[in-house]
Amino acid sequence: EERRRALNLLVEKKADGLAGDLKFLLDDNALRLDALRGMAVFGSDDVPGLVLARYGKLNETEKRETVQMLVSRPAYAGALLEALAGGIILRSEVSVFATRQILGFKDEQLNARLREAWGEVRPTAGNKKPLFERYHKPRTPINLKKANLSNGRLIFMRTCAACHKLYGEGGQIAPDITGSDRATLDYLLENVLDPNAAVGKDYQLNVVTTKDGRAVSGVISAENDNSLTVQSLTERVVLSKDDLASRKILPVSMMPEGIFLALKDEEVRDLVAYLAGTEQVPLPKEKK
């Protein structure tokens, strides 16, 4: 813990020579996660290659952090899409949130490669009635009885737990859903399919760009005259206001639309059944 605190302080101060040390720390089990976060700050050109060479050996949390780091800069995003097309990174490991950040660079070449490697990323704004019908009919009580609740928990961890807490586990960016009306299918579909219907000020998406080209998306957890603290999908980022190039507050929820569209029908069924439950279930044995 002392080493982690020291490393994070050095990253925050952008200590001279640290960018090179971070590359060696990729092989340190205790500091790998913090090293990945630090690499997003320094932006060395060889970072994507170094990280992707180790990607297959990373755990779930480290892979999620790697994906978020690789969508922090346009050049890194290009390397991510190449790895996605080559099968190094699986489509299921790239969240809708990550794809939205790539679209935020407004680079047509990146967008075309994203469509080819990951799929079409279209907002579901407008008439959502067809979507509600699509996901309502197969979720009858009979079909939900066929659901794999353990797999549903695994999908929740991959797609929702970075922000939402359930049964005491998960993030604190978004509301704790343990006590929500999860068992009511209409309530669940309304919140997942149309997250922008009602967005509280505390949950609006902020997109902050630094002068050296790094993009950070998330909610603002603290602000003063000198700094801005952004809670992203995977970390809490403190940015000096002197380093900011732009800051946009979007009238949309940090929770992206299209979460169900990125899942297979049976995965949606398993996730919905898990969310509708009243008690925690074990993870699949092979994924523990």
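How many aromatic pairs does a search of the whole structure find? The search finds two, where rings of Phe, Tyr and Trp (its six-membered ring) pair if their centres lie within 6.5 Å, and where planes under 30 degrees apart count as stacked, over 60 as edge-to-face and the rest as tilted.

## Basis of the model

This is a predicted model, in which local features need pLDDT of at least 70 and side-chain atom pairs count only at pLDDT 80 or more, while totals for chains, interfaces and linings use all residues. Residues are numbered from 1 along each chain as its sequence is written, and side-chain values use heavy atoms, with hydrogens and water left out.

## Aromatic pairs

The rings of Phe156 and Tyr274 have their centres 5.8 Å apart and their planes at 55 degrees, so this pair is tilted. Phe156 is buried at 3% relative accessibility, and Tyr274 is buried with a relative accessible area of 3%, where buried means under 20% relative accessible area, exposed over 50% and partly exposed in between (1.4 Å probe, protein chains only).

Tyr167 and Tyr274 form an aromatic pair that is edge-to-face, with 6.4 Å from centre to centre and 75 degrees between the planes. This pair also links distant parts of the chain, since Tyr167 sits in the loop between strand 1 (165–166) and strand 2 (169–170) and Tyr274 in helix 13, 107 residues apart. Tyr167 is partly exposed, with a relative accessible area of 21%. Through these ring pairs Phe156, Tyr167 and Tyr274 are linked into a cluster.

## Salt bridges

Side chains of opposite charge can pair when their charged atoms come close. With a salt bridge taken as a side-chain nitrogen of Lys or Arg within 4 Å of a carboxyl oxygen of Asp or Glu, the count comes to 15 salt bridges. One of them joins Lys23 to Asp46, with the closest N and O atoms 2.9 Å apart. Lys23 lies in helix 2 (residues 18–25) and Asp46 in the loop between helix 3 (32–42) and helix 4 (47–52), so this pair ties together parts that are 23 residues apart in sequence. Lys23 is partly exposed, with a relative accessible area of 24%, and Asp46 is partly exposed as well, at 37%.

Arg54 forms a salt bridge with Asp27, the closest N and O atoms again being 2.9 Å apart. Because Arg54 lies in the loop between helix 4 and helix 5 (60–70) and Asp27 in the loop between helix 2 and helix 3, the pair ties together parts that are 27 residues apart in sequence. Arg54 is partly exposed at 25% relative accessibility, whereas Asp27 is exposed at 54%. In the salt bridge of Asp212 with Arg73 the closest N and O atoms are 3.3 Å apart. Asp212 lies in the loop between strand 3 (204–210) and strand 4 (215–223) and Arg73 in the loop between helix 5 and helix 6 (74–85), so the pair ties together parts that are 139 residues apart in sequence. Asp212 is partly exposed at 40% relative accessibility, whereas Arg73 is buried at 8%. Glu1, Arg4 and Asp34 are linked in a network of salt bridges.

The structure holds three cavities of 30 Å³ or more, a cavity being a set of points, on a 1 Å grid over the protein atoms alone, where a 1.4 Å probe fits but cannot get out. About 120 Å³ of space lies in the largest cavity. Its lining comprises 15 residues, of which Gln68, Ser72, Ala215, Ser232 and Glu235 lie nearest the centre; lining residues have an atom within 4 Å of a point. Helix 5, helix 7 (96–103) and strand 4 each supply at least two residues of this lining.

Ser232 is placed in the loop between strand 5 (227–231) and strand 6 (236–240), and Ser232 is buried, with a relative accessible area of 8%. Not counting residues up to four places away in sequence, Ser232 touches Ile173, Val216, Ser217, Gly218 and Met254, where contact means heavy atoms within 4.5 Å.

Definitions and conventions:
Helix = DSSP H or I, 4+ residues; strand = E, 2+ residues; numbered from the N terminus. 1 Å grid on protein atoms, 1.4 Å probe; cavity = no way out; pocket = protein on both sides within 12 Å on 5 of 7 lines; lining within 4 Å. Points joined across faces, edges and corners; volume = space filled by probe spheres on them.
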